Amino acid sequence: MIKFMDLDFKKNELEPVISENTINFHYGKHHKAYVDKTNELIKGTELQDMSLEDIIEASFGKLELMVLYNNAGQVFNHNVYWNSVGIGEKFDEKMYKEINDTFGSLDDFRNKLVDEGVKLFGSGWVWCVRNEDGKLEIMTTKNGDTPLVLGKKAIFNIDVWEHAYYLDYQNLRKKYLEEFILNVLKI
Ligand code: MN
């Protein structure tokens, strides 16, 4: 069985960028539903004692396990999202140097994250990952897809499903991305 993670910040601590109301729905309803569904689907199967990452790898590309893959992927993606919040915790100097070396400047890096999130059509995720060559990379995935199955290591992500921002920003996805990246993300 997989765990429903705890948040290491208070539900009202991200206000006004992300409201407590959004956290209650996003974490308390959406994220929890993905955990519950995943556990329901693995119960009594050979997957039930596997780690979340192994469940994702085992169900990837299998038509009969697509519902499980999507739900387990969404659990992983949301675990990364809540851990991308930087209340009281930021990346170290080495990471900032790497961002500058790879993307030009922190502003360029932030702008690229916003651009990728705005360009992504439909529901999905913007990611900062470490790619196969060990380099930082910004990428997007659609729906419940995760960089894990592409051999990339997740560093942080930003949820751009409408449930992540609609209560606070309605259709203004760009505004949500800008506010989240500048004020909430641990960079
Ligand atoms: Mn979400």
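Where does H163 lie? H163 is placed in the loop between β3 and α6. The points below start from this residue.

1. Basis. This is a predicted model, in which local features need pLDDT of at least 70 and side-chain atom pairs count only at pLDDT 80 or more, while totals for chains, interfaces and linings use all residues. Residues are numbered from 1 along each chain as its sequence is written, and side-chain values use heavy atoms, with hydrogens and water left out. Helices (H or I, at least four residues) and strands (E, at least two) are DSSP runs, numbered from the N terminus.

2. Metal site. Four residues coordinate the manganese ion at 1.9 to 2.1 Å: H26 (NE2), H78 (NE2), D159 (OD) and H163 (NE2). Along the chain these donors have the spacing H-x51-H-x80-D-x3-H. H78 sits in helix α3 (residues 66-83) and H163 in the loop between β3 (153-159) and α6 (166-169), so the two tie together parts that are 85 residues apart in sequence. Donors here are N, O and S atoms within 2.8 Å of the metal (3.2 Å for Na, K and Ca); water is not among the atoms, so sites may look incomplete.

3. With a relative accessible area of 16%, H163 is buried; the classes are buried under 20% relative accessible area, exposed over 50% and partly exposed in between (1.4 Å probe, protein chains only). H78 is buried as well as H163. The side chains of H163 and H26 are joined by a polar contact of 3.1 Å. A polar contact is a pair of N or O atoms within 3.5 Å; within protein, one must be able to donate a hydrogen and the other to accept it, and residues adjacent in sequence count only if both atoms are side-chain atoms. Leaving aside neighbours within four places in sequence, H163 is in contact (heavy atoms within 4.5 Å) with T22, H26, H30, Y34 and H78.

4. Nonpolar core. The largest nonpolar core has 59 residues, and those with the most contacts inside it are F109, L113, I158, Y176, F180 and I187. Helix α3 gives the most to this core, with eight residues. Such a core is a set of buried Ala, Val, Leu, Ile, Met, Phe, Trp, Tyr and Cys residues joined through side-chain atoms within 4.5 Å. Not counting residues up to four places away in sequence, F109 touches I99, F103, C128, I138, F156 and I187.

5. Helix α4. Which residues are buried in helix α4 (residues 93-103)? They are M95, Y96, I99 and F103. Seen down the axis of α4, the buried residues fall within an arc of 100 degrees, so they line one face of the helix; the arc is that of the directions from the helix axis to the C-beta atoms. The exposed residues E93, K94, K97 and D101 are on the face turned away from the buried side of α4. Cover for the buried residues of α4 includes α5 (106-119), β1 (124-130), β2 (136-142) and β3. G104 follows α4 and has a positive phi, near 100 degrees.

6. Aromatic pairs. The structure holds 16 aromatic pairs. The ring centres of Y81 and W125 are 6.1 Å apart and the planes are at 75 degrees, so this pair is edge-to-face. Y81 is in helix α3 and W125 in strand β1, so the pair ties together parts that are 44 residues apart in sequence. Y176 and F180 form a tilted pair, 5.9 Å centre to centre with 50 degrees between the planes. Being four residues apart in helix α7, Y176 and F180 are separated by about one helical turn. Rings of Phe, Tyr and Trp (its six-membered ring) pair if their centres lie within 6.5 Å; planes under 30 degrees apart count as stacked, over 60 as edge-to-face and the rest as tilted.

7. Backbone points to check. Most residues other than glycine have a negative phi, and most peptide bonds are trans. A cis peptide bond joins E15 and P16, with omega about 5 degrees; P16 is in the segment before α1 (20-42). N143, in the loop between β2 and β3, has a positive phi near 50 degrees and is partly exposed at 41% relative accessibility. Q170, in the loop between α6 and α7 (173-183), has a positive phi near 50 degrees and is partly exposed at 40% relative accessibility.
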